[in-house]
Every structure is written in C-alpha cells, then in structure tokens.
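Let's take a friendly walk through a protein model. Have the sequence and the 3D view ready, and follow along.

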Amino acid sequence: MADHWPHTTVHDMALIGRATQQRAVVLGALVVVEGFISAQALHKRLVDDGSPVGLSTVYRTLTALAEAGRADVFRDANGERLFRHRPGPGHRHYLVCTECGLSLPVESGPVEKWADRIARTSGFKDVRHAVELSGVCPDCGREADRAPAP
C-alpha cells in the first residue's frame, strides 16, 4: 500500500494512528480534493467510486488528521466542518467563499506573530488558534447582482 503513496501521505498515516486500508483511502481522497470538502461530500465521492468506506470512518479519519495538524478545518455558513489536506506541518489561513467554496490562501504573518506572543506572555504551552475568513467571491457576487429580485 505505502509504496505508491507520496511521502507526505505515508507520513500523515503514521500521525493519525492505526493505518488501515479504509483510512488510507480517505486520506488519498482528501489529498486530491481541491479546496475544502465536508465529510459527507467526501464520503459520497468515495461511495460513487465504489469504495466501501463508512461515513463514521471518514469522520474519524478527518478529525484525526485535523488533530494531527494535517488538515485545515473551516466551518461553513451552516456550521458544518469542511476539511482540506495540509501537506506540511505549518498551517495556512484561507478566505473561503460561502457560496461556491472557493478558497484562497491569505498572508497570515501578523496573526501568527500575535498567537506566538500570546502563548509566550501567558505561559501556555501547545497553543493553537483558528482564524476563519469568509465572504462571497467576485464571481458569486456578480451572479447575485444579476439574479432577479424575488
């Protein structure tokens, strides 16, 4: 199984606990997704591709990846968690369109410096943070402007 996986994917499997074929399938599917995806949407893709992976396995694997720092998590307008594979140990922040899901990485140096300073001055260890930026992308905004009023 591991021979044909990219090195980062094999490393990710080692970080999330017991390496099973089902977890490897979920991770592989997440790696190739562009943008953020919900556990349910990822599960549907897997089922449509003929994979017997259960929805609970998808949820557990995505949660383990997020806890291990290998998936970014974003909550959409309905509060549903969306996941995106993080190929390296450093995390990124994104601006996400609430209409189409387009996600753009944003420069986050000031946020990182602020979080580091808070950790240093408070004495806390293993400080984590989450910054969610969302809005309507230019394409979706133009569509909304063209739509007839109800």
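Leu133 sits in strand E6, which covers residues 133-135. (Helices, H or I with at least four residues, and strands, E with at least two, are DSSP runs numbered from the N terminus.) With a relative accessible area of 35%, Leu133 counts as partly exposed; buried means under 20%, exposed means over 50%, and partly exposed is in between, using a 1.4 Å probe and protein chains only.

## About the model

This is a predicted model, where local features need pLDDT of at least 70 and side-chain atom pairs count only at pLDDT 80 or more, while totals for chains, interfaces and linings use all residues. Residues are numbered from 1 along each chain as its sequence is written, and side-chain values use heavy atoms, leaving out hydrogens and water.

## Salt bridges

How many salt bridges turn up in the whole structure? The search finds three, each being a side-chain nitrogen of Lys or Arg within 4 Å of a carboxyl oxygen of Asp or Glu. Asp48 pairs with Lys44, with the closest N and O atoms 2.8 Å apart. Both lie in helix H3 (residues 39-48), four residues apart, about one turn of the helix.

Arg86 meets Asp72 at 2.7 Å, N to O. Arg86 is in the loop between strands E3 (81-85) and E4 (93-97) and Asp72 is in strand E2 (residues 71-75), so this pair ties together parts 14 residues apart in sequence. Are Arg86 and Asp72 buried or exposed? Both are buried.

## The sheet and its helices

Now look for an open sheet of three strands, with the order E1-E3-E2 and antiparallel pairing. Strands pair if DSSP finds at least two bridges between them. E1 (37-38) and E2 stand at the edges with a single partner strand each, so one side of each has no neighbour in the sheet.

Helix H2 (residues 21-32) packs on the sheet and touches E1, E2 and E3, where contact means heavy atoms within 4.5 Å.

How values were computed. Axes fitted to C-alpha atoms, helices over the stretch in contact; angles between N-to-C directions.
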